[in-house]
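Reader: I would like to go through the labels attached to this model one at a time, and to hear on what grounds each of them is given.

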Amino acid sequence: MVDLKTQYERLKSDIDAGIREVIESTQFVKGPQVSRFQEHLAEYTGAKHVIAVGNGTDALQIALMALGLRPGDEVITPTFTFIATAEVVALLGLKPVVVDVDWGTMNMSVEAVRKAITPRTKAIVPVHLFGQCADMEPLLEIAREQGLYIVEDACQAIGARYTFSDGTVRQAGTMGHIGCTSFFPSKNLGCYGDGGALFTNDDALAEKIAAIANHGCKVRYHHDKVGVNSRLDSLQAAILDVKLRHLDEFTAARNHAAAYYDEVLGSDPRWLIPERQAHSTHVFHQYTLRMTGIDRDSVQQQLKEKGIPSMIYYPVPLHMQKAYQDARYKEGDFPVAEQLVRCVLSLPMHTELDNEQLEYITQTLRALQ
């Protein structure tokens, strides 16, 4: 699904030099590589502040902590997403309120969000799923009208760009009050361990986020609020700083692979290729097909027999997860998500796919019975 080894071999000299710099300095925590990477990522994304943390899940949790939400406050999330989006809400004693997604984009349904708002709603967490921005303009309008916070889960969409109706272009993670991303190794911008970051254009929120991530303190040994210990280490920052310089190149490679898949597979009625939105570019963290008129599990098994990996993102929606069962929800309440978990299949997608590999994957798919 992901070829990190070949990517490393291409970038080996620069990455090795960055790692060596950290080891020779022995500044493994809070070294200059971290602040340098934060500055470069801020320049790339256009965010005023970037605070690097231990992983993407920490980023989501710290974002909600920084907003000062109280136990029982409701936070709206899509039901078709990775568990971390709801996990942090529940861990903080907040109440996850899940909504359905759009069939074409698989992103949060704006109309479903409107209907889910109650007097206890305090925040909306749109997920930019698979590398394409959720429809942020109407979501931001809803948030302004209702006095709600927006926390963007941009863990799969770094580098994606959203165009507003007035022509303004903003990157994923920089449109809401706070944005979050992950640097898990398989992400479009991935490190060689765990890592994450938060984005904000609000000075006061940036100060709160930085303090919470550092045990709740701004001055050493003086703790003003309850915090956590979450930081990106210097080795990972050095690796990410090298890879950030190649991120646009990585995105172009992923789009080349997606265009190849589209061209060969798009005319086959047995599956639907990923729908593109006019308002967002796509960075293709995943290339996800929706199967129609053919058994998804049989397709996956046949691909496996031919040496082709594939993944089901995601097999169970949040409202049907055992840990998140809620009397408010039952099977059938979110028909789009429940249909998607039965029919989605993600194909190999990474920066090192060549045309020979793409031809083998697509021709194998086309030949399936």
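Reader: Why are helices α9 and α12 called roughly parallel to each other?

Author: In this predicted model, the axes of helix α9 (residues 247-265) and helix α12 (residues 355-366) cross at roughly 30°, and angles under 35 degrees count as roughly parallel, over 145 as roughly antiparallel, 65 to 115 as roughly perpendicular and the rest as oblique. The pair α9 and α12 is therefore roughly parallel. The axes, which come within 10 Å, are lines fitted to C-alpha atoms, for helices over the stretch in contact, with angles taken from 0 to 180 degrees between N-to-C directions. The crossing of α9 and α12 is right-handed, a term used if the near helix is turned clockwise from the far one by less than a right angle, anticlockwise being left-handed.

Reader: Why is Asp241 called buried, and why does Arg36 count as partly exposed?

Author: Buried means under 20% relative accessible area, exposed over 50%, and partly exposed in between, with a 1.4 Å probe and protein chains only. Asp241 has a relative accessible area of 8% and is therefore buried, whereas Arg36, at 30%, counts as partly exposed.

Reader: How do you know that Lys5 and Glu9 form a salt bridge, and where do these two residues lie?

Author: The side chains of Lys5 and Glu9 meet at 2.8 Å, N to O, and both residues lie in helix α1 (residues 4-25), four residues apart, or about one turn of the helix. Lys5 is exposed at 57% relative accessible area, while Glu9, at 46%, counts as partly exposed. A search of the whole structure finds 15 salt bridges.

Reader: What makes Ile23, Phe28 and Val29 a nonpolar patch?

Author: Patches are made of residues with over 30% relative accessible area and no salt bridge, like charges being joined within 9 Å and nonpolar side chains (Val, Leu, Ile, Met, Phe, Trp, Tyr) within 5 Å. Val29, for instance, has 43% relative accessibility and counts as partly exposed; this residue lies in the loop between α1 and α2. Together Ile23, Phe28 and Val29 have about 260 Å² of accessible area, computed by the Shrake-Rupley method with a 1.4 Å probe, where for residues only the protein chains shown count as cover.

Reader: Is Met106 buried or exposed?

Author: Met106 is buried, because its relative accessible area is 4%. Its phi is near 65°, a positive value in a residue other than glycine.

Reader: What should be kept in mind about numbering and confidence?

Author: Residues are numbered from 1 along each chain as its sequence is written, and side-chain values use heavy atoms, with hydrogens and water left out. As this is a predicted model, local features need pLDDT of at least 70 and side-chain atom pairs count only at pLDDT 80 or more, whereas totals for chains, interfaces and linings use all residues.

How values were computed. A salt bridge is a side-chain nitrogen of Lys or Arg within 4 Å of a carboxyl oxygen of Asp or Glu.
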